[in-house]
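Here's a quick briefing to read with the model open beside you.

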Amino acid sequence: MIDLHSHILPGCDDGAVDLAAALAMARVAVSDGTRILACTPHILPGLYRNDTVGIEHRVKVLRQALSDEAIDLRLVVGADVHIAPDLLQKLTDKVVPTLNGTRYFLLEPPHHVVPPNFNAFVERLIDAGYIPVVTHPERLTWVAKHYDLIEAVGRAGALMQITAGSLTGQFGTQAKALADRMLEEGRIDLIASDAHNVSGRSPVLSAAYSIVEEKVGAETARNLFVETPARILRNADIRAVGMDVAQSVKREAETKSRTSRFWRMLQGR
Ligand SMILES: [Fe+2]
């Protein structure tokens with residue numbers, strides 16, 4: 001599997017506290033079946049001031065440590081990028097890294113507040129040639145009441161990344177209900193661990209993989225945990241699944257309204 005969201009880099013955010021913790025996370029990831037892991041520390045102005053140069057350096061150091069310890073895990077550069085007004089400029093200036101230097105990057109909306117003009121913000125990034133991968137929409141507390149915003153940014157072409165632990169119920173009933181709904185509606189592009197440690201938030205994907213396989217089949221599971229992450233790392237073209245769901249849901253709604261108009265006509269109403 002390929003895990004595109006982790007806080008494994010030591011000492012630069014609320015993830016691994018030191019090198020020993022990072023190595024422990026790497027061992028758990030490998031034994032769970034992960035072969036490639038993106039190092040994606042938070043970038044949040046005023047709190048986590050990570051940038052491309054710093055992250056690249058830390059990844060290099062961790063790669064060497066993995067090699068010294070004979071841990072067979074390939075690391076790639078990334079970041080968990082919080083929404084900020086100057087984000088597009090920072091991407092253009094390469095101060096904020098994308099995933100493995102591609103057009104794809106992790107975009108983390110605020111957890112408890114609806115981001116103003118979210119759709120327009122995402123469209124501007126896409127128009128500029130970047131593809132946001134929206135991180136864990138199912139865990140954002142405002143999404144239950146504003147699901148239409150997630151539909152809209154999916155329709156605009158943003159990818160949706162769900163946290164593996166949401167499907168196993170680790171983040172509570174609301175996150176699980178939203179993750180299940182998005183899975184059933186085919187609105188998920190990829191699943192990642194968003195690991196921070198080896199206890200509560202570990203880099204384990206296999207349990208969620210089994211759930212996905214059972215609910216929607218082996219092909220979708222492979223797409224969400226292997227194929228789409230691999231395409232992202234190759235910078236290949238990806239059509240966001242939300243673009244097509246939106247169309248089919250719209251078509252269904254139109255058919256329903258046409259049918260009910262027809263019956264009303266027949267009944268002389
Ligand atoms: Fe994260």
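This is a predicted model: local features need pLDDT of at least 70, side-chain atom pairs count only at pLDDT 80 or more; totals for chains, interfaces and linings use all residues.

**Cysteines**

- What is the closest cysteine sulfur to that of cysteine 12? It belongs to cysteine 39 and sits 9.0 Å away, which is too far for a bond.
- Looked at from the other end, the sulfur of cysteine 39 has its closest cysteine sulfur in cysteine 12, at 9.0 Å, so a bond is out of reach.
- Cysteine 12 counts as buried at 10% relative accessibility, and cysteine 39 is buried too, at 0%.

- Is strand β7 (residues 131–135) enclosed or open? Five of its five residues are buried, so the rest of the structure largely encloses this strand.
- In a regular strand, side chains alternate between the two faces of the sheet.
- For β7, one side carries Ile131, Val133 and Thr135 and the other carries Pro132 and Val134; all of them are buried, so both faces are covered.
- On the β6 side, β7 pairs with strand β6 (residues 104–108) in the parallel sense, over four bridges. Tyrosine 104 has isoleucine 131 of β7 as its bridge partner.
- To get from β6 to β7, the chain passes through helix α4 (residues 118–127), and this β-α-β crossover is right-handed.
- Strand β8 (residues 159–163) also pairs with β7 in the parallel sense, here over three bridges. Threonine 135 stands opposite glutamine 161 in β8.

**The three-stranded sheet**

- There is an open sheet of three strands with parallel pairing, in the order β1-β2-β4.
- Which strands stand at the edges? They are β1 (2–3) and β4; each has a single partner strand, so one side of each is left without a neighbour in the sheet.
- β1 pairs with strand β2 (residues 36–39) in the parallel sense over two bridges, and aspartate 3 has leucine 37 in β2 as its bridge partner.

**Largest pocket**

- The largest pocket has a volume of about 250 Å³. It is lined by 16 residues, and those closest to its centre are Ile188, Thr220, Asn223, Leu224 and Val241.
- Which elements give two or more residues to this lining? They are α7 (173–184) and α9 (218–233).
- Of the elements, α9 gives the most to the lining of the largest pocket, with five residues.
- By class, the lining of the largest pocket splits into six nonpolar, four polar and six charged residues.

**Second largest pocket**

- The second largest pocket comes in at about 180 Å³.
- Its lining includes Thr52, Glu56, Val77, Leu91, Lys94 and Val96. Pro97, Thr98, Asn100, Gly101, Thr102 and Tyr130 are also among the residues that line this pocket.
- For the second largest pocket, the lining divides into five nonpolar, five polar and two charged residues.

**Positive phi away from glycine**

- Most residues other than glycine have a negative phi.
- Alanine 70 is not a glycine, yet its phi is positive, at about 55°. You'll find alanine 70 in the loop between α2 (52–68) and β4 (74–77).
- Is alanine 70 buried or exposed? Its relative accessible area is 67%, which is over the 50% cut-off, so alanine 70 is exposed.
- Aspartate 194 isn't a glycine either, and has a positive phi of about 50°. Its place is in the loop between β9 (190–192) and α8 (206–216).
- At 2% relative accessibility, aspartate 194 falls under the 20% cut-off and therefore counts as buried.

**Valine 59**

- Valine 59 lies in helix α2, and is buried with a relative accessible area of 0%.
- How far apart are valine 59 and methionine 25? They are 34 residues apart in sequence and 14 Å apart in space, C-alpha to C-alpha.

Notes: Residues are numbered from 1 along each chain as its sequence is written. Side-chain values use heavy atoms; hydrogens and water are left out. Buried means under 20% relative accessible area, exposed over 50%, partly exposed in between (1.4 Å probe, protein chains only). Two strands pair if DSSP finds at least two bridges between them. A crossover is right-handed if, with the strands pointing away from the viewer, the path from the first strand over the helix to the second runs clockwise. On a 1 Å grid over the protein atoms alone, a cavity is a set of points where a 1.4 Å probe fits but cannot get out, and a pocket is an open set with protein on both sides within 12 Å along at least five of seven lines; lining residues have an atom within 4 Å of a point. Grid points are joined across faces, edges and corners, and a volume is the space filled by probe spheres set on the points. Ala, Val, Leu, Ile, Met, Phe, Trp, Tyr, Cys and Pro count as nonpolar, Asp, Glu, Lys and Arg as charged, and the others, Gly among them, as polar. A disulfide is a pair of cysteine sulfur atoms within 2.5 Å.
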